[in-house]
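Hello,

Here is the structure I promised to pass on to you. Please have a look, and then read on for what turned up in it.

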Amino acid sequence: MAEAPSIIVVGTDTGVGKTVVTALLTRAFARAGRPVVPFKPVASGAVAGPDGPIWADTSFLAKASGVPEDEVGLYRLTKPLAPHVAARDDGVTIDTDRIIERFRELSGAGSAVLLEGVGGALVPLDDRRDVLDLAVGLGLPAIVVARPAIGTLNHTALTIAECRNRGVDVLGIVVNRMASNPGEAERSNVDELARLTGIPVVGVVGEIAGIDVDAGDLGEIDDHLDDIDLDALAPSLPDYQTAITADAEHVWHPFTAMREYLGEDPAPLMVARASGCQLEDTNGRRYIDGVSSLWVTVHGHRVRELDDAVRAQLGKVAHSTLLGLSNEPSAVLAGKLAEVAPEGLTRVFYSDNGSTAVEIALKMAFQFWRQTGRPEKGRFVSFVNAYHGDTIGAVSVGGIDLFHQQFGPMLFDATKVHAAYCYRCPVGTSYPGCGLRCLDALEEKLAAEAERTAALVMEPKVQGAAGILVQPPGYLRRIADLCREHDVLLIADEVATGFGRTGSMFACEQEDVRPDLMAVAKGITGGYLPLAATLATERIYEAFLGTYEESKQFFHGHTYTGNPLACAVAIANLDLIERHDVVARAARSADALARMLEPVAAMAHVGDVRRAGMMVGIELVADKSTGDAFPVAERVGRRVILKARERGVIIRPLGDTIVFMPPLAIPEADLRELVDVTAWAIAEVTEG
Ligand SMILES: *Cc1c(COP(=O)(O)O)cnc(C)c1O
């Protein structure tokens, strides 16, 4: 028979007899040759014993399982109150992370663990987390313990609905303390429970003669082992094989050399779940999400407030169009975006990804000049190494050869100027003595072409996809001034830098730059749903004001524009950013990160370490003294990130530049682990 799974035992209410059922399950599993260890992390309500206080539940479980009592329990609280209240009364705080850690120690020793919850599913453990959060955090399935009385359908249905909402699989229901002579309601409810919830009732436990939890008396418990049918439990491990096969046979992955991906050893990583700043794969292995699931995660994964925001909106409307209609979340979010954006950006045009947000800004700039009497201003200026997305317009203003060369003949012509790249300065000078000479070329181009130029588009403060190329202070300001001087619109692509990533809400703020148009996406929903926005000034917006006959409206729109679910979670994200002071905290984490990176910069094959807030690029070189690159065929960057994966860290290569940008709220311990493992992987590959 298979090993017993680790399970959380959740009551539909307090006093349904979870402890007795946990004891019974422990003994039933043991009898089946599948030993489990009971763990009751929080017990409240001590009774006076001859040698001091006694916690009846933990001592009972200890007795039923043979596990020492101090291993069964963790927090033992004096008063019979709600856990966090009883804890406060005892002058302690329940630390759910410590519970999770303790669980991992127990299961790490090779045992399946039966974790007994505290009261019902939603009983709070602290101000933020409740009993089900333990199941979510540990990826545990649940057994729900119900009572046979009238009212049980309601309580059980509520408990199971909440489990489902939170992604907790329910393996079965145990109805406890069925009278030997049950009434009709009690009897019929058992069948109804299974029928209505679709979850098997795996046990109907009768009253156990002689059992007395308070006195630690097991009574005739073993006479009831057959009351629970372990074989009737739903399978606890999801079958991922279908997904793995379908991935190999049908999914075409973006920016991925598929032959290499399919041949990966070990097999390609498939994420099954996540919590906090960690992802978990289909084998239960956990990884630090060093890239914020590609720039999007802000507070971590499975954030209660964000989960709730999506759910609450689901109860209202999932989608409704913005073409000529409105919906509440998109309107409220627009107001909030205008509030946090650089001054002057008051109009919000939604789309659903960063590329379209940029594309929209380009088209707005183009149409703007046509409707303000300067139709000849139709060209764009952009930068070498820029990345603005993958749609044709966004690629046309992009400047990463590897990504964009292929499509040359499809693109419109844009004026490209070189960008700041201080480690390999395009004009052979060095900051700060250079006086930003790299901008001379831009100045010349604008002087020559401004009359025909609609806008300049740039990633403010840092070119992300190019390998975190950080611009020197004053650079952005100077570009903004040049644009003003030449009456060229400034489009700030804050898709990557927005929402606190570089240490301020938006990167433009750092040089007090107010763009005419700004594209945002990635962090806008905290990593939950695809959403993007293009923000514009009143000056731009007014050029599009007109009646139907004038045809001045902006001829652009996507089906999912202003999707209510995405907007609702974006609102919750902005609220959390404000409430938890996320931007200022991330700036402090970034300072810690800077210190952690100092030894990395000194490594033999690290040419340059670049950082802007919580985004980092580490450029690896064959020769540190000359800056010579490794031969492309050596695939140094890729080998480093695969190496790091062995030790549970996900980072990305951009050529031979290793990049990471963890969730802004990453705990310091995870941040340190991320840097340490990255440095280790670099050393293994480049020095090993
Ligand atoms: C990622 C990115 C984009 C494109 O966003 P998508 O949502 O991937 O289309 C555009 N600009 C910048 C600066 C980006 O980093």
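At roughly what angle do the axes of helix α17 (residues 440-449) and helix α18 (residues 475-485) cross? Before the answer, a word on the source: this is a predicted model, in which local features need pLDDT of at least 70 and side-chain atom pairs count only at pLDDT 80 or more, while totals for chains, interfaces and linings use all residues. Residues are numbered from 1 along each chain as its sequence is written, and side-chain values use heavy atoms, with hydrogens and water left out.

Now the helix pair. The axes of α17 and α18 cross at roughly 10° and come within 11 Å. The axes are lines fitted to C-alpha atoms, for helices over the stretch in contact, with angles from 0 to 180 degrees between N-to-C directions. The crossing makes α17 roughly parallel to α18, a term for angles under 35 degrees. On the α17 side the contact (heavy atoms within 4.5 Å) is made by D440, L442, E443 and L446, and on the α18 side by R478, I479 and L482. Four of these contact residues are nonpolar, none is polar and three are charged. Here Ala, Val, Leu, Ile, Met, Phe, Trp, Tyr, Cys and Pro count as nonpolar, Asp, Glu, Lys and Arg as charged, and the others, Gly among them, as polar.

L442 turns up again in the largest nonpolar core, which has 83 residues; F383, L442, L456, Y475 and I618 touch the most other members. Such a core is a set of buried Ala, Val, Leu, Ile, Met, Phe, Trp, Tyr and Cys residues joined through side-chain atoms within 4.5 Å, and buried means under 20% relative accessible area, exposed over 50% and partly exposed in between (1.4 Å probe, protein chains only). Helix α21 (residues 582-601) gives this core its largest share, nine residues. At least three residues of the core come from each of domain 2 (269-301 + 582-687) and domain 3 (346-558).

On the overall layout, the domain assignment (automatic or from a database) gives domain 1 (7-233), domain 2 (269-301 + 582-687) and domain 3 (346-558). The centres of domain 1 and domain 3, taken over C-alpha atoms, are 57 Å apart. The protein chain has 23 helices and 26 strands, which are DSSP runs (H or I, at least four residues, for helices; E, at least two, for strands) numbered from the N terminus. Of its 688 residues, 52% count as buried.

Finally, some loop residues. G435 is in the loop between β15 (415-417) and α17, and counts as exposed at 52% relative accessibility. T14, in the loop between β1 (7-11) and α1 (18-31), is exposed too, with a relative accessible area of 58%. H224, in the loop between β9 (201-206) and α9 (241-250), is buried, at 12%.

Best wishes

How values were computed
Angles under 35 degrees count as roughly parallel, over 145 as roughly antiparallel, 65 to 115 as roughly perpendicular and the rest as oblique.
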